Amino acid sequence: MTSPAAAGRPQHAAPHPEAPVKLWFCPNDALDPRLAADLARHWLDEQEQQTAGRFLFDRDRRQYLAAHALVRRVLALESGIPEAEAVLWRSSRGRPFLRKPVEGLPRGGRELDFNLSHTDGYNLLGVVRRHRIGVDVERLDRDDRGFEAIVETFAPEETAWVTAAAPGRARDRRTLRLWTLKEAYAKARGLGLGLPFDSFAFTLAPDRGVRGFRPPDGEPPERWRFAELEPEPGVLVAVAVMTGSDEETVLEVHRGFPWSRQAPRRLILPQPVEALC
Ligand SMILES: CC(C)(COP(=O)(O)OP(=O)(O)OC[C@H]1O[C@@H](n2cnc3c(N)ncnc32)[C@H](O)[C@@H]1OP(=O)(O)O)[C@@H](O)C(=O)NCCC(=O)NCCS
């Protein structure tokens with residue numbers, strides 16, 4: 001496993017007073033399929049059960065059950081609302097939200113935002129106690145490669161950076177690094193692919209990390225922090241978090257299904273140094 005600490009400045013110091021951004025990376029293998037089905041039967045709501053029942057292939061159903069058991073488990077740990085009692089609703093663009101009780105969350109606070117991503121065999125869930133989060137996970141060995149079509153959606157400076165790399169693995173990696181970041185940002189905004197991907201741009205460090213961010217017109221860049229991780233070789237993860245402009249943003253990375261509370265890895269998300277306006 002590539003250390004996620006490589007993605008940012010490692011942090012072993014005292015906890016930051018701001019609530020950290022929490023990330024769960026959960027391979028499907030972390031949850032036995034029969035157990036996932038049992039949990040889903042008890043935890044998922046009627047609509048989720050119906051969605052699970054519509055998959056033609058067991059592989060896809062397994063992915064869905066693992067992802068949505070993860071969502072309900074993590075939301076229960078974070079909010080104090082039991083797994084089966086959490087009410088999830090979706091925006092007109094499909095973004096899920098937790099309905100918060102008017103009296104506040106049982107574990108304190110009123111705010112909680114989350115975002116889910118899943119790809120063949122892996123699930124990723126991000127949670128923040130205020131503002132917004134978007135996450136994306138993609139595999140470099142994805143079956144439906146389509147890398148060229150992806151690059152066509154990029155801003156010109158991003159396309160130039162991608163095509164400066166040799167065709168093959170190096171170019172694919174650049175493509176997916178940008179794609180995961182763009183998806184994470186668009187998902188944090190709740191717009192998904194409805195946000196034109198050439199209306200904003202990232203400048204990336206050679207190996208990992210966001211150096212610059214040009215937001216869509218009218219969006220201040222300093223409100224956003226980004227992280228890139230590679231929790232397993234060839235599995236690329238991106239996180240986009242909206243913050244107050246001067247807050248230090250700490251990311252806690254958890255791995256596996258959250259049966260119990262384990263010590264996470266802690267990283268600091270740097271502010272992109274170049275605001276590319
Ligand atoms: C969000 C979107 C980019 C997801 O792309 P993807 O790479 O296939 O999927 P990922 O695995 O990264 O993420 C999927 C998860 O994102 C979440 N999601 C769905 N829509 C979302 C949105 N608009 N914003 C943020 N997150 C969203 C869901 O939890 C979804 O998983 P689930 O359906 O199992 O609950 C894509 O579905 C999209 O653009 N949706 C918006 C569609 C839209 O605008 N519809 C308007 C009505 S026509």
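Which residues of helix α1 (residues 33-43) are buried? Hold that for a moment.

First, the ground rules. This is a predicted model: local features need pLDDT of at least 70, side-chain atom pairs count only at pLDDT 80 or more, and totals for chains, interfaces and linings use all residues. Numbering starts from 1 along each chain as its sequence is written.

Now the overview. The protein has six helices and 14 strands. Those are DSSP runs numbered from the N terminus: helices are H or I with at least four residues, strands are E with at least two. Of the 277 residues, 38% count as buried. Buried means 20 or more other C-beta atoms within 10 Å of a residue's own; exposed means 12 or fewer; partly exposed is in between; C-beta atoms are placed from the backbone. Take contacts between residues at least 6 apart in sequence: 63% join residues at least 24 apart. A contact is two C-beta atoms, placed from the backbone, within 7 Å.

Back to α1. Its buried residues are Ala 36, Leu 39 and Trp 43. They sit on the same side of α1, because they cover an arc of only 65 degrees around the axis. That arc is taken over the directions from the helix axis to the C-beta atoms. What do they pack against? The buried residues of α1 pack against α3 (58-79). On the face turned away from the buried side, look for the exposed residues Arg 34, Arg 41 and His 42.

Next, the strands. β2 (residues 21-27) pairs with β12 (residues 249-255) in the parallel sense, over five bridges. Pairing needs at least two DSSP bridges between two strands. Val 21 stands opposite Leu 251 in β12. β12 also pairs with β13 (residues 265-269), antiparallel, over five bridges. There, Thr 249 has Leu 269 of β13 as its bridge partner.

On to the ligand. How many residues surround it? The count is 16, and the closest are Gly 94, Arg 95, Ser 117, Gly 192 and Leu 193. Near means a C-beta atom, placed from the backbone, within 6 Å of the molecule. β5 (113-119) and α6 (169-188) each supply at least two residues of the shell. β5 gives the most, with four.

His 131 is not a glycine, yet its phi is positive, about 60 degrees. Most residues other than glycine have a negative phi. His 131 lies in the loop between β6 (122-128) and β7 (133-139). With 18 C-beta neighbours inside 10 Å, His 131 counts as partly exposed.
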